[in-house]
Amino acid sequence: MERVENHLRSWQIEINPQADQLPDVDGVAQLMRDFIKALGNLMGDLSSTDAASHMAEAQKNIIAAQRRCAAHQPLRPSVTLQRTLTDSLTLVAMLWPTYSQALTAPTLHEAQEFGKKGQQLIDEVEADRNAYETLVETTKAYEDFSIRDFLERALAAAAVSHPGLSLLELGSTGRQKATRVTGVETDEAHGAQYLLLSTVASVHLDPVRFNTVLADSAKFCIAAPNLESIADEEGALAELSKITRMLHEALTSYEGILARESDSDTLLRRIIKFYGEIYEDVGGQLFAWYNLLANIKQQPYLKLIQQNDATKLARNLVECPTTQSFLEDPGAHLRNAAQHGSSFALTGESVAFRLRTHQEQWTRAQVVDAVFSLLESLSAMSWSLSNALAQRGKPVPLSAQDAAYMRLTPFRLVTLWIKDHGIALVSASETEDSWRFIIEKNSDDLFVLALTLAGGAPENITQIGLRSEALNTDLLVPAAAVDLFSRWPGEGATPQEHLLAVLELRSHCWRGQGVILTKENVRHGVACLGLLLIQGDRSKIPFLRRIQRMAKDHGWSPEAAVAAECISLWRKPDVQKERSVVSNLSNWLNANPAPEMPQARSIIVSRRP
């Protein structure tokens, strides 16, 4: 052990953060493998000079990598990578001190305890590595520009970072997480937004700062006493509603350049232009709202944005103690550089800003970091304001035109939801008042899916059709059936309530020339409820009356008569008659299976009578 320590004490290393590359996760894994191999050789022969030298060399490489990582300024989009590497290398660097104590421990028990601690360190490094591998896969999904739709890529990334989570569960799970992070009540729509934003933040931003700004700004917005009065001002919500589309336009344009441009100077100039675009078009509106909420400014909203540029409003927020943490800096030099191409120059890895009132030199990496920092702040601040307004009953509107442009229409979300259920869509079409979906011929029953879609469709959609490409006979579900389904008995309902609900649902649904309710369905219902009534359960009388009426409506007089006779026997008991009726009911119950929920692979649901 002494020889190893002597090697380490005599060793010196110089770190150059600009020249030295940040190690990657695979590099950390290799360092750990080299350490374990060297440790095994040393344990095999503690007197070996070569083994001691190799052990010292393995530990030196670990410490050198740890110092290189610590010397690098954490910059977006590599903040999460650097944190993961720093944590992993800190653990790996602790392996030698731990195992050296195991090798020199005075007793076998103590040696085993130190060995266990060493293994725990290795397990923690592996866990960090696995978590980062998930992040890498998330990044690949989000950066797959062959998928042009931003929402699809974000959902694909969320599917990697949150495996097994369905589209419907994004809202409820996101709501729980957002509420826990912010301490502020959140609805499911903003919960889903949070989950997607936090996924993007884990890939490209500083997720720790993102959550901090989100929590601070969320509490600030919901506590602002003037929130509702500002929302009621002319143009305040309308202007705020524009920023979602403007951000989408800017991102779409920027990603298009990323997909086709390879020249690094051109890319950096476009990044700076992108910064100026979102600073003015998105930041300006948002900064104005926050100036008013913090009482930095008291003038009407429209007048405020007309008389103050985005830089002034941002500087106000940075200088205000209540809001200073929301932005890392006012960003005036980058914003001005975006407007005046001659105000910055690119030389190698350096970017020189030559503004009239500001002279500064950055690296390219620092410019990229500043752009992502602004996106980080705007995403958190926008979410917090939108959430607070929704909680106060003043939701930010999204026009049908903007929703269509961003492909965030109800029809678009429904198609994603259908695919999320594992159903392969052959085609999907939309008219002013209907949705039509053609699915693969081997798809499962679509009845519940169709009625679920009907329950959440916009008011203008009066008809929804799901059809297997191999089937032509539709199950027709009228508005009355949709209404029944919307009031379906809950988990605490009795079996008899569920039975009656199924019977009534079947009585409203048509296939071909008639309803799918059968005489056998009614006989099972009469038998089941009639026997319970005869046994003394008076609560079944209303249910039997409804089945009796159902039988009459469909022309099944004998079944209606038996239901009436069961009710009569309860009122005027007759042992002889009862014996005969019970025998008849028992035969019906045995001969007629319980009715099932309607099933269909081709269905049309009408939402209007």
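1. Contact here means heavy atoms within 4.5 Å, and helices are DSSP runs (H or I, at least four residues) numbered from the N terminus. Please keep in mind that this is a predicted model, in which local features need pLDDT of at least 70 and side-chain atom pairs count only at pLDDT 80 or more, while totals for chains, interfaces and linings use all residues. Residues are numbered from 1 along each chain as its sequence is written, and side-chain values use heavy atoms, with hydrogens and water left out.

2. H23 is largely enclosed by the rest of the structure, because 12 of its 16 residues are buried (under 20% relative accessible area, with exposed over 50% and partly exposed in between; 1.4 Å probe, protein chains only). Among the buried ones are Asn521, His524, Cys528 and Leu533.

3. Helix H23 (residues 519-534) packs on helix H26 (residues 575-591) at an angle of about 140°, with the axes 8 Å apart. Axes are lines fitted to C-alpha atoms, for helices over the stretch in contact, and angles run from 0 to 180 degrees between N-to-C directions. The pair is therefore oblique (angles under 35 degrees count as roughly parallel, over 145 as roughly antiparallel, 65 to 115 as roughly perpendicular and the rest as oblique). On the H23 side, the residues that meet H26 include Arg523, Ala527 and Leu531, and their partners include Glu578, Val582 and Trp588.

4. Helix H2 (residues 25-44) and helix H5 (residues 95-104) have axes that come within 12 Å and cross at roughly 15°, so the two are roughly parallel. H2 brings Met32, Phe35, Leu39, Leu42 and Met43 to the contact, and H5 brings Leu95, Trp96, Tyr99 and Leu103.

5. Some loops deserve a look too. The peptide bond from arginine 76 to proline 77 is cis, with omega near 10°, and proline 77 lies in the loop between helix H3 (49-71) and helix H4 (79-93). Asparagine 295, in the loop between helix H13 (264-293) and helix H14 (301-307), has a positive phi near 60° and is partly exposed at 45% relative accessibility.
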